[in-house]
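Please check each point against the coordinates as you go.

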Amino acid sequence: MTDDAVAPQSQQLLIHGTVDTEIQLSLAQTADNAYFQLNGKTLTLVRPLDRESVPAGLNTLDVQVLCRDIHTNRQRTIVVTVTVTDRNDNAPRFVNLPYHVEINELTPVGTTVFRMLSAVDADKSANGLVNFEVEQGDGSVPDDSSYFAHQTCPTRALSISQGR
C-alpha cells in the first residue's frame, strides 16, 4: 500500500475545429461521464476514481463526447476510453476470524495443526495477491513463532516445526 498517486498530464482532445466558433462540444449523459468535465477540448477528472468501484468492475470508462458542427448542425459522438489502473490501496483482511486451535503437547514436529488460513484483498491483479508468513517477534513478548512454519499456498496450512 505504498504506491504513490500519479497525476496524469492534461491533454486536449484531438478534434478539428475551434470550440464555440466552428464546433460545440459537450458530454453525453452517461454514468461513465459523471467522473469528468469538458472544458473546451480538455477532459478533466472531477471526482475521485477507485478501481474497485468502477461500474461493473471494469477497468475502463467510456467517456462520450458529443461534437456538433455549428454550420451544418451535424453531430457525432466521439468515445474516449479512460483506463483506470489499480493502486494498492486496500489492506488484506483475514476471513473467518478468530482462529483457534488446541493441540496436545506431544504432537509431533511436522504435524499440520491448522488449515484454511484465509485472507482477501479487494485490489485487483498483483495488488490483490496475499502472502502469509510467520514472523518472529522482537523478543519483548514470548510468541513462540519459532515453533511454526507456514506452507505456501494453496495449502494455507500452519505446521509445527523444530524450535530454535
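1. I begin with a pair of strands: β2 is joined to β3 (residues 42–45) by 4 bridges, and the two run antiparallel. Two strands are taken to pair if DSSP finds at least two bridges between them, while the strands themselves are DSSP runs of E with at least two residues, numbered from the N terminus. N39 has T42 as its bridge partner in β3. The two strands form a hairpin with 2 residues between them, and G40 in the turn has a positive phi of about 65°. Strand β2 (residues 36–39) has a covered face, made of F36 and L38, and an uncovered one, made of Q37 and N39.

2. On the origin of the values: this is a predicted model, in which local features need pLDDT of at least 70 and side-chain atom pairs count only at pLDDT 80 or more, whereas totals for chains, interfaces and linings use all residues. Residues are numbered from 1 along each chain as its sequence is written, and side-chain values use heavy atoms, with hydrogens and water left out.

3. The average pLDDT (the predictor's confidence in each residue, from 0 to 100) is 77 for the protein, and 75% of the residues score at least 70. Confidence is highest in strand β1 (residues 23–27), at a mean of 92, and lowest in strand β10 (residues 158–160), at 53. Over residues 1–5 the pLDDT is below 50, and beyond near neighbours in sequence this stretch has 9 contacts in the model; a contact means heavy atoms within 4.5 Å.

4. As to the overall make-up, the secondary structure comes to 0 helices and 10 strands. Buried residues, meaning those under 20% relative accessible area, with exposed over 50% and partly exposed in between (1.4 Å probe, protein chains only), make up 26% of the 164 residues. Among contacts between residues at least 6 apart in sequence, 52% join residues at least 24 apart.

5. Which order do the strands of the open sheet follow? The sheet has 3 strands in the order β1-β4-β5, with antiparallel pairing. β1 and β5 stand at the edges, each with a single partner strand, so one side of each is left without a neighbour in the sheet. Neighbouring strands of this sheet are turned by 25° against each other on average, direction ignored, with axes being lines fitted to C-alpha atoms and angles running from 0 to 180 degrees between N-to-C directions.

6. Within that sheet, β1 and strand β4 (residues 60–69) pair over 5 bridges, and I23 has D69 as its bridge partner in β4. β4 and strand β5 (residues 75–83) pair over 9 bridges; L66 is partnered by T77 and V65 by I78.

7. Most residues other than glycine have a negative phi, and most peptide bonds are trans. The hairpin of β4 and β5 has 5 residues between the strands, and N73 takes a positive phi near 65° there; N73 is exposed, with a relative accessible area of 52%. N96, in the loop between β6 and β7, has a positive phi near 60° and counts as exposed at 67% relative accessibility. The peptide bond from L97 to P98 is cis, with omega near -5°, and P98 is found in the loop between β6 (93–94) and β7 (112–114).

8. For the aromatic rings, the rule is that rings of Phe, Tyr and Trp (its six-membered ring) pair if their centres lie within 6.5 Å, with planes under 30 degrees apart counted as stacked, over 60 as edge-to-face and the rest as tilted. The count comes to 2 aromatic pairs. F94 and Y99 form an edge-to-face pair, 6.3 Å centre to centre with 85° between the planes, and F94, Y99 and F114 form one aromatic cluster. F94 is partly exposed at 41% relative accessible area, and Y99 is partly exposed at 27%.

9. Is D121 buried or exposed? At 13% relative accessibility, D121 counts as buried, although D121 is found in the loop between β8 (119–120) and β9 (148–150). Leaving aside neighbours within four places in sequence, D121 is in contact with N88, N90, A91, P92, N127, G128 and V130.
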